[in-house]
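Keep the viewer open as you read.

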Amino acid sequence: MIGIAGWGCHIPRFRIRTSEIARVWRKNGSDIANSLGVHEKAVADADEDAITLAVEAGKSALARAGCDPQSVGALFVGSESHPYAVKPSGTVVAEALGLSRKLFLADHEFACKAGTAALQNAYALAKAGEIQYGMAIGSDTAQGRPGDALEYTAASGAAAFVVGPNPIAAVEGMFSYTTDTSDFWRREGAHYPSHGHRFTGEPAYFAHVDAAARGLMEKLGLKAADVDLVVFHMPNAKFPIRAYKQFGFGKEKWEAGLVVVNVGNTYSGSSLLGLCGLLDVAKPGQRIMLVSYGSGAGSDAFSFMVTDKIEEVRARAPFVRDLVAKKEYVDYGTYVRLRNKLRR
Amino acid sequence: MVDVAVVGVGQTAFGELWEKSLRNLGVEAFTAALKDAGVDRAAVQALYVGNMAAGYMSSQEHLASLFADHCGLMPKPVVRCEAACASGSLALRQAWLSIKSGAYDIVAVLGAEKMTDVTASTAVAGLMAAGDAEWEGAIGLTFAGLYALMARAHMHAFGTTREQMALVSVNNHKNAMKNPYAQFHSAITVEDVLNAAPIAEPLGLLDCSPLSDGAACVILASDKVAKRFAKPVWVLGSGQGSASLGIAARASLTEMPSTHAAVADVWKQTGLHNKDVGILEVHDCFSINEIIALEDLGFCPKGAGGKFVENGGITISGEIPTNTAGGLKGIGHPVGASGVRQIIDVARQLRGDAVNQLNDVKRGLCLNVGGVGGTAIVHALGVERK
């Protein structure tokens, strides 16, 4: 039985409130916060990037898995804010975490679903018997153009998973759905991404999340009622909640994973951070469904069965709610400095 | 003199149609109109296309060739007509004149616009090309801004209220509820309109028609051949008026001289008057414009439009049921298509197959406005030939 052996995440300490961003751009902050369902977002410090966030999350995942880092034979890091255009983030992360040098490694990029693509590959190698343990990390310091609608949500954070034998959550099945849909992109050399406004909704997020979730449920013969806990990608709170309702998932199934409200959209880390939130509270025997979404576009869906082992490892690392609560607010000027938005 | 009838109607759904291009939309509406008329495309002698901004929104000009090809009409003539948001009825009027002239017996009129392939801000900038780009666009005015100035002037001159304007949108959304082609199927209240995000004060989001994709097509036939068709609706008159491109040169901001000219010509051609009309389609691109239209067309005195709306004059059971299928606000406003869509919705009422079908309605009137009234086109339709 192969699955998640350990999970961990990292959320930087700084937060900026939606109302503070709105104040600068002379918008109605409470209207925007209520519409998006996002009240504040996590902001990485000036010396943090997708690599450092990945390392922090990776340490927690290894702690929970309780395995020797030298037994980890694969690492895939998914991000759309890899600090280098050429040179992997993963090599730095692997050295920092003390992983084996006999290592399958690659960086992934697929907008907000690079982290789940990493998880698929690590799981596939472990299941194939090529490695004992593998790691998958989704990590981002997401860019939002100053004044753009995405600035209210583009946040920093990471989630990491060790996959291998004796899992706390066994992979029951996975399914992906991919099309060429240009809803959001960043061209080579561009500092900020562009997006297709309302086109990012119906034909992009909803079409792909829906297709992947349905595809997985059909593949495994599941109904909505068979799923105990669920997380869909969270570009904001409005989109996943609408999708949950379409499937008939009650609040009790997704509330613990709705981290976007106080963290923002951590892109490659978003749905995976939600999965961490669910694992923090999941009980043995429960079925968890995860569906990511990456612009461009595609969705990866997983079904996990939580095992008895989860209780044993849960307290070995911080919970999402601990990291959410540990915060310090910054004003817009500080945010501009920390995120290097004043181009010199 | 040759008489002209609408013998077939067809349209696409209006809305954010992500998977349909301008080409797809046009062909879909044309095909639907042929089917409704029960005529083969081989019988269509010419096509008139109404479109405002394909060059800007879709990087596609030369719609004559595009639709000649994709509607299967080659090598017959296709003409593209442009008068901003009145492009659809301009195409209809040119088609009507062509049959009147004796040149053709059966022509098609296609209005089509694809607006959601560009961002909203790009679309808003493109729509300002319907106004005076050099004198008014260059200083930063948008279309919502132009109509906001007219709304302010109307409020100042006649005491028209935001609530009265809001009732226009409320009525249009209500009428669109059962329209399967409409972009919106949501009932709204006066409070919703008043509390919506401001666009150009006093106009809020729900005072403004949306950006939409869509196409609408009618088949016109001369009286010589119209009797072959099952459900002819006669185009009794067609009038067109013009006024200054921008608003700075206007003597008044509360009326459109082009509408006065267009409707006067229709009354002269037909011998009809307001009392003879049982259904009205007006150009509610912004809520204030429905009020101005009611006045300029003579359904109420100048300045009384707000009260007329407040007293229920435009509702299904009102004095003059207006925009019974939902108007530009409820159905959506793919600008080149709207003028043709108005004709379709009046024709459906006169044929008896409309949503919100009225009882015993014999004649209808359509007002399609280009820009801030730089062009206004009025058509009168009737069940009877005269």
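Two residues count as being in contact if their C-beta atoms, placed from the backbone, lie within 7 Å. Please keep in mind that this is a predicted model.

**The two domains of chain B**

Chain B falls into two domains, and each is built from two stretches of the chain: domain 1 takes in 4-118 and 211-233, while domain 2 takes in 132-204 and 236-381. Where they meet, 34 residues of domain 1 of chain B are in contact with 34 residues of domain 2 of chain B.

Which elements supply the side of domain 1 of chain B that touches domain 2 of chain B? Each element in this table gives at least two residues to that side.

| Element of chain B | Residues |
|---|---|
| β1 | 4-11 |
| α4 | 87-100 |
| β4 | 106-113 |
| β7 | 214-222 |

The largest share, 7 residues, comes from α4(B). Sorted by class, this side of domain 1 of chain B holds 20 nonpolar, 10 polar and 4 charged residues.

**A sheet in chain A**

Now turn to chain A, where 3 strands form an open sheet in the order β3-β2-β14, with mixed pairing. At the edges are β3 (40-43) and β14 (328-329) of chain A, each of which pairs on one side only. Strand β2(A), residues 14-17, runs antiparallel to β3(A), and 4 bridges join the two. To find this pairing on screen, look for R17(A), which stands opposite E40(A) in β3(A).

Notes:
Residues numbered from 1 in each chain as written. Chains lettered and ligands numbered in written order. Predicted model: local features only at pLDDT ≥ 70, side-chain atom pairs only at ≥ 80, totals over all residues. Domains from an automatic or database assignment. Nonpolar A, V, L, I, M, F, W, Y, C, P; charged D, E, K, R; others polar. Pairing = 2+ DSSP bridges.
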